[in-house]
Amino acid sequence: MKSYPITLKTFGEKAILIEWPNKVEEAILEDIIRFKALLESELDANFEFVPAYNSIAIISNTTNFNLEKLEKKIPSLYEKNRTLIKTEKVLWKIPVCYDVEFGIDIREVASNLNMTPEELIKIHSSHNYTVYGIGFLPGFMYLGGLPGKIETKRKDVPRLKVTKGAVGLAGKQTGIYPQESPGGWNIIGNCPIPIFNSNAKEPCFVNVGDKIKFESISRAEYDLHKIEGEVGIYKPEKISLNA
């Protein structure tokens with residue numbers, strides 16, 4: 001497996017940031033995910049690991065933290081054979097209703113791209129996306145791999161309120177707003193199921209490195225899945241990609 005030049009920097013008093021080359025590449029992200037799994041097996045349970053795009057933040061949850069000792073240990077750990085580390089690769093199918101009631105920008109976006117809303121929906125829902133990061137809001141997935149023909153610049157003036165579940169486009173990315181919030185992405189649909197649940201054992205069922213595929217649904221299906229999600233019985237389809 002290819003190794004990359006990594007750099008380390010202190011990230012506050014109890015954290016270290018490990019950075020890979022500043023590129024958005026699946027090969028780099030896969031290396032990061034494997035190294036995260038290796039760190040989890042080599043370091044004790046008092047650490048948290050936050051991967052995103054081209055970095056991992058290692059955060060200590062103890063007051064007795066030797067930052068210098070950890071900094072010296074990381075390079076030698078990175079030289080270990082990470083190909084022996086097994087990681088789970090999964091694809092999640094996520095329902096989205098692209099009805100104009102929810103896709104409040106879909107007609108404008110389609111027009112700017114010289115296509116019909118139906119063509120935009122077909123392209124957006126036929127592609128597999130990679131979760132490169134989770135942040136901004138709890139459970140907000142930054143999904144890379146958007147087809148070039150539907151790349152769309154952010155709105156010039158962000159909205160003060162974007163509805164929970166809104167599915168948006170911004171630049172080379174797409175994503176779902178897990179809570180109501182301000183936002184500047186172009187909204188083309190809505191996801192009826194909760195992406196983040198603070199009461200769940202795993203508040204966000206998706207992890208960095210996972211794949212997402214959107215499934216276009218009707219308004220009637222949206223209403224049904226909305227109810228199923230609210231009562232906690234909707235289970236998103238999970239497909240293993242491990243060979």
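Mentor: R219 and D223 both belong to helix α5, where they sit 4 residues apart, about one turn of the helix. Their side chains meet in a salt bridge at 3.0 Å, N to O; the term stands for a side-chain nitrogen of Lys or Arg within 4 Å of a carboxyl oxygen of Asp or Glu. An α-helix has 3.6 residues a turn, so residues three or four places apart point the same way. R219 is partly exposed at 33% relative accessibility, and D223 is partly exposed at 35%. Buried here means under 20% relative accessible area, exposed over 50%, and partly exposed in between, with a 1.4 Å probe and protein chains only.

This is a predicted model, in which local features need pLDDT of at least 70 and side-chain atom pairs count only at pLDDT 80 or more, while totals for chains, interfaces and linings use all residues. Residues are numbered from 1 along each chain as its sequence is written, and side-chain values use heavy atoms, with hydrogens and water left out.

Helix α5 runs over residues 219–231, 13 residues, and spans 19 Å from its first C-alpha to its last, close to the 18 Å expected at 1.5 Å a residue. The expected span is 1.5 Å times one less than the number of residues. Helices (H or I, at least four residues) and strands (E, at least two) are DSSP runs, numbered from the N terminus.

The buried residues of α5 are Y222, H225, E228 and G229. They cover an arc of only 130 degrees around the axis, which puts them on the same side of α5; the arc is taken from the directions from the helix axis to the C-beta atoms. On the face turned away from that buried side are the exposed residues A220, I227, E230 and V231. The cover over the buried residues includes β5 (90–96) and β12 (186–190). After α5 comes G232, with a positive phi near 85 degrees.

D105 is buried, at 2% relative accessible area. Leaving out residues up to four places away in sequence, D105 touches K155, R159, W185, N186 and I187, where contact means heavy atoms within 4.5 Å. A polar atom of the D105 side chain lies 2.8 Å from the backbone nitrogen of I187.

Terms used
Polar contact = N/O pair within 3.5 Å; in protein donor to acceptor, adjacent residues only side chain to side chain.
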